[in-house]
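Me: Can we go through this one together, starting with the terms?

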Amino acid sequence: MSPMSSKLEVNKNDMHSIVKSFPQLLRHSSLDVRLREQLAEMRDDRPTGICFIGMGGSSIAGGYVATSLADTSRQPIAVVRDESLPEYIGQGYVSFVVSYSGNTQETLDAYEILAERGCHTVTMASGGLLSKKKADCFIRLPPGFPPRGALPAMFGALLQATQTILGVPTTDLNHMAEEINLAADSWGGNLSKPAALAEWMRGRIPVFMGSRHLYPVAYRAKCQMNENAKTEAFASPFPEATHNELEGFTEKRAGSFAIVLLKSRAEGATNAKRLDIVAEILSSAGHDCTIVTASAPTQMGEMLELTYHLDLTSVELADINGVDPLSVPKISALKKRLK
Ligand code: F6R
């Protein structure tokens, strides 16, 4: 990663500061020349597929990259959040093994399977056991963040690494950061400010729905509400949810949920209409429902802008709930007991 990483201006003991540094972290995640050269060697071996392996906060970036490249990549791109791997991931694949701490059991176990199968491996960590494992390339993440707070750093680096391996132009991360900052200036228009959205969620269970590139954003938002705001939260893929979940929102639990429908500016006509109708159906069953649309002009910009916004919303909701957004005592206790 760029040597500029050391100059990051962020208070890593404060989740508000971490979340606010989103565009800055993204900018600093550009890969340096040495890493690009190592990755280009794998491109010359013509990989037959790409796989991202990681858990929790270390799995989100891979999901975003897979979605961003799905429309153009001829190679399959898999995302694995598990300690075992599908049989098809083997020789010919380039696998990214991501664990911010470098010590996550599921991720380390999956690494061992990959090593046995002999596929190209790129490891990404801030330290820990994973950083010491043999790999074709190792990407070191800036240390001291909670894993979920390092998403922009993981995303920028994974995106450019995958693009290099696939032999396509790499995204200008400075430009993306600009796009997000510009979009954030317009919040309060079609998208209420994070504090207002958090206030609207007060006392209710957030549910996020999104289609295609906005489903990973919905999933990230759910995880941020869980870990930062310490609330139950759910994410549902759209339009799939309209074939099952829609029926479950009955009048009986009216007022229990804060349903956020993520809508792309480039939404197809049918899906756009579907979103509007679903909002009407949910509202008429007494549920609080809002449609949010990003203002960034590109698909990737939409993903990043909404993530930035909903990450900020999650720390605002943590304040409302009177909880510490940084600590995750239950997750830590489980890891400790499994050791
Ligand atoms: C903590 C967090 C968790 C971790 C997960 C895996 O901030 O977001 O979801 O990401 O428990 O740990 P790592 O990322 O260290 O592999």
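Reply: Buried means under 20% relative accessible area, exposed over 50%, and partly exposed in between, with a 1.4 Å probe and protein chains only. This is a predicted model, in which local features need pLDDT of at least 70 and side-chain atom pairs count only at pLDDT 80 or more, while totals for chains, interfaces and linings use all residues. Residues are numbered from 1 along each chain as its sequence is written, and side-chain values use heavy atoms, with hydrogens and water left out.

Me: ok, is Cys-119 buried or exposed?

Reply: Cys-119 counts as buried, because its relative accessibility is 8%. Cys-51 is buried as well, with a relative accessible area of 0%.

Me: and how many disulfides?

Reply: The count comes to zero, where a disulfide is a pair of cysteine sulfur atoms within 2.5 Å. The sulfur of Cys-51 has its closest cysteine sulfur in Cys-119, 7.5 Å away, so the two are too far apart for a bond.

Me: switching to the ligand, which residues are closest?

Reply: The ligand is surrounded by 13 residues, the closest being Ser-58, Ser-99, Ser-101, Thr-104 and Arg-148; a residue is near if one of its heavy atoms lies within 4 Å of the molecule.

Me: what sits 2.5 Å from a ligand oxygen?

Reply: That is an N or O atom in the side chain of Arg-148, a polar contact in the sense of a pair of N or O atoms within 3.5 Å. From the backbone, an N or O atom of Gly-57 lies 2.9 Å from a ligand oxygen, and a polar backbone atom of Pro-147 is 3.4 Å from an oxygen of the ligand.

Me: how much of the ligand does the protein bury?

Reply: The protein buries 93% of the 400 Å² that the ligand exposes when taken alone, with areas from the Shrake-Rupley method and a 1.4 Å probe.

Terms used
A polar contact is a pair of N or O atoms within 3.5 Å; within protein, one must be able to donate a hydrogen and the other to accept it, and residues adjacent in sequence count only if both atoms are side-chain atoms.
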